[in-house]
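Here are my notes on the model, kept to strand pairing, ring contacts and charges over rings. Please read them beside the coordinates.

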Amino acid sequence: MSREDPTISVVMINKNCARWIGEAIDSVLAQTYGKLELVVVDDASTDDSRDVVAGYAARDQRVVLVTSPVTLYTSGARNLGIERATGVYVSFLDADDRMLPDTLARQLAAFREARARNQRVQLICFDAYTLSEGGARVSRYMGTEFWGVVRDQDAPGWALPSTWFFPRATTARFHPAWLVAEAGPFLDRIRREGGFTYVGEPVVEYRMRMTSATLEHARNMMRAFAATDATIAAGRGWDDPITPDQVPEPRWADLATWKYGRLAKSAVVNRRPLVALGALALASAAKPGATLRKVAAELRRLVSATRRAETGRTETGRTETGRA
């Protein structure tokens, strides 16, 4: 397909996602909103995913492949994608996730509505569905208290970057010292520029992978979170932050709780109950009180989500019956 001047640039970061990236690309190219480009930044992949993207680029001029010979990590790769984008707006999608058919149309409409309320809004974020590794939709990412709401103030900063939508002209960028948990510095810059809005509707499907729960990943995540909090608390700018390598090493109990808690959640999504129970037991051994509180909160969320989903199905059935 030929490439028009795009209104929206979808920026996708790829690191060895050959198994899933075709689904991700297909979900972008099938959007109901047509004036788009897809900028795929390959972050020094070692599998054949780069060849997969090159094949798409040869068939569809809307697909742009940008390659890096060295690993930039998520922050550097996303910055590169933003710089190579040509659209008025940027939408993120991870290479193992999927957009819904009308994602871009809904993101654009919601951003314009947010700007009508507040001209200074710089970014809009959304909820997501969770997927198993095999592609089965399981639940929703955000808690039920965030379903169907719009928050211009006190928007939750933990919404997935794969749901973000913002003008390319914004000056906010990711800090390259944050190799993971990179959203914090970017969103703090967005807050200083005018803030962001949350809309409680799913616009993407987020794949929860079993391989992401490692102690090294937990260590990097926790140090990144701590560095973000320390920089903001100290009132320092992002040109001179407290970086993740400058904060204390996290305690083993905190690392174990994060790792095994994440593993338990991923195992539930991927329908591996024995792995989930084992991981939950290890998380409980590390921090019993905190783990039990989280488990109780998650159970309440799942029960509430199930009831709301069943209510929605019942109401839909009644509506369809009435129409018939």
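1. The model is predicted: local features need pLDDT of at least 70, side-chain atom pairs count only at pLDDT 80 or more, and totals for chains, interfaces and linings use all residues. Residues are numbered from 1 along each chain as its sequence is written, and side-chain values use heavy atoms, with hydrogens and water left out.

2. Strands β2 (residues 36-43) and β3 (residues 63-68) run parallel, paired over 6 bridges. Pairing requires at least two DSSP bridges between the strands. Leu38 has Val63 of β3 as its bridge partner. Helices (H or I, at least four residues) and strands (E, at least two) are DSSP runs, numbered from the N terminus.

3. There are 14 aromatic pairs. Rings of Phe, Tyr and Trp (its six-membered ring) pair with centres within 6.5 Å; planes under 30 degrees apart are stacked, over 60 edge-to-face, the rest tilted. Phe111 and Phe165 have ring centres 6.0 Å apart and planes at 55 degrees, so this pair is tilted. Phe111 belongs to helix α4 (residues 103-117) and Phe165 to strand β9 (residues 165-167), so the contact ties together parts 54 residues apart in sequence.

4. Phe165 is buried at 0% relative accessible area (buried is under 20%, exposed over 50%, partly exposed in between; 1.4 Å probe, protein chains only). Phe174 and Phe186 are stacked, 4.3 Å centre to centre with 25 degrees between planes. Both are buried.

5. The charged end of Arg59 sits over the Tyr56 ring, 4.8 Å from its centre. The rule needs NZ of Lys or CZ of Arg within 6 Å of the ring centre and within 35 degrees of the ring normal.
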